Amino acid sequence: QVQLVESGGGLVQAGDSLRLSCAASGRTGDTVAVGWFRQAPGKERHFVAGILWRSGGTSYADSVKGRATISSDNAKNTVYLQMGSLKPDDTASYYCAAIVRSSFRWSVREDYAYWGQGTQVTVSS
């Protein structure tokens, strides 16, 4: 199994930047990719960004392209999501999740085997 713990959320102002962290432990060697999702109250959980564990290849949702950067420090087993120019619409619980299968689709929640508990990001206007 892979355990994931998110951190770095908080209350920020519109226009601010924030860096979220996702620390992985356990069988991290099985990890193929890590994705970030977010879920606003009363809404579905949506894909934000993802990174391939070994090659570092990335994918972004259109809603955050140009404002978000996903990166990883494999030595620390940690994935980061840096977001800038934050807007109130970015308010959500942010979750990281791990993929351990070779064939997957970034935006499909069912393709992710392990999930963290989430970290809350609130952007005030």
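On a 1 Å grid over the protein atoms alone, a pocket is an open set of points with protein on both sides within 12 Å along at least five of seven lines, and a cavity is a set of points where a 1.4 Å probe fits but cannot get out; lining residues have an atom within 4 Å of a point. The model is predicted, so local features need pLDDT of at least 70 and side-chain atom pairs count only at pLDDT 80 or more, while totals for chains, interfaces and linings use all residues. Residues are numbered from 1 along each chain as its sequence is written, and side-chain values use heavy atoms, with hydrogens and water left out.

**First stop: the largest pocket**

Select R38, Q39, A40, K43, E44, H46, P88, D89, T91 and A92, which line the largest pocket. Its volume is about 180 Å³, where a volume is the space filled by probe spheres set on the points, and grid points are joined across faces, edges and corners. By class, this lining divides into 3 nonpolar, 3 polar and 4 charged residues. In this division Ala, Val, Leu, Ile, Met, Phe, Trp, Tyr, Cys and Pro count as nonpolar, Asp, Glu, Lys and Arg as charged, and the others, Gly among them, as polar.

**Second stop: the cavity**

Rolling a probe the size of a water molecule over the atoms shows where empty space is left. The search counts 1 cavity of 30 Å³ or more. Select L18, L20, M83, L86, Y94 and V121 to display the lining of the largest cavity. The volume of the largest cavity is about 30 Å³. Its lining has 6 nonpolar residues, with no polar and no charged ones.

Buried means under 20% relative accessible area, exposed over 50%, and partly exposed in between (1.4 Å probe, protein chains only).

Strands (E, at least two residues) and helices (H or I, at least four) are DSSP runs, numbered from the N terminus.

Now show the surroundings of Y94. Leaving aside neighbours within four places in sequence, Y94 is in contact (heavy atoms within 4.5 Å) with E6, L20, W36, F37, R38, V48, L81, M83, G118, T119 and V121.

Which residues does the disulfide join? Select C22 and C96, whose sulfur atoms lie 2.1 Å apart. The pair links distant parts of the chain: C22 belongs to strand β3 (residues 18–26) and C96 to strand β9 (residues 92–99), 74 residues apart. A disulfide is a pair of cysteine sulfur atoms within 2.5 Å, and the whole structure holds 1. Both C22 and C96 are buried. The torsion about the S-S bond of C22 and C96 is about 70°, so the disulfide is right-handed.

Move to T31, in the loop between β3 and β4. Is T31 buried or exposed? T31 is buried, at a relative accessible area of 1%. Not counting residues up to four places away in sequence, T31 touches V2, W53, R54, A98, I99 and V100.

Next, select N77, in the loop between β7 and β8. The phi of N77 is near 50°, a positive value in a residue other than glycine. N77 counts as partly exposed, at 22% relative accessibility.

S85 lies in the loop between β8 and β9. Here too phi is positive in a residue other than glycine, near 50° for S85. S85 is partly exposed, with a relative accessible area of 47%.

**Last stop: F47 and S59**

Select F47, in strand β5. F47 counts as buried at 11% relative accessibility. Apart from residues up to four places away in sequence, F47 touches W36, F37, S59, Y60, A61, W106, S107 and Y112.

S59 is buried, with a relative accessible area of 18%. Again leaving aside neighbours within four places in sequence, S59 is in contact with F47, V48, A49, G50 and W106.
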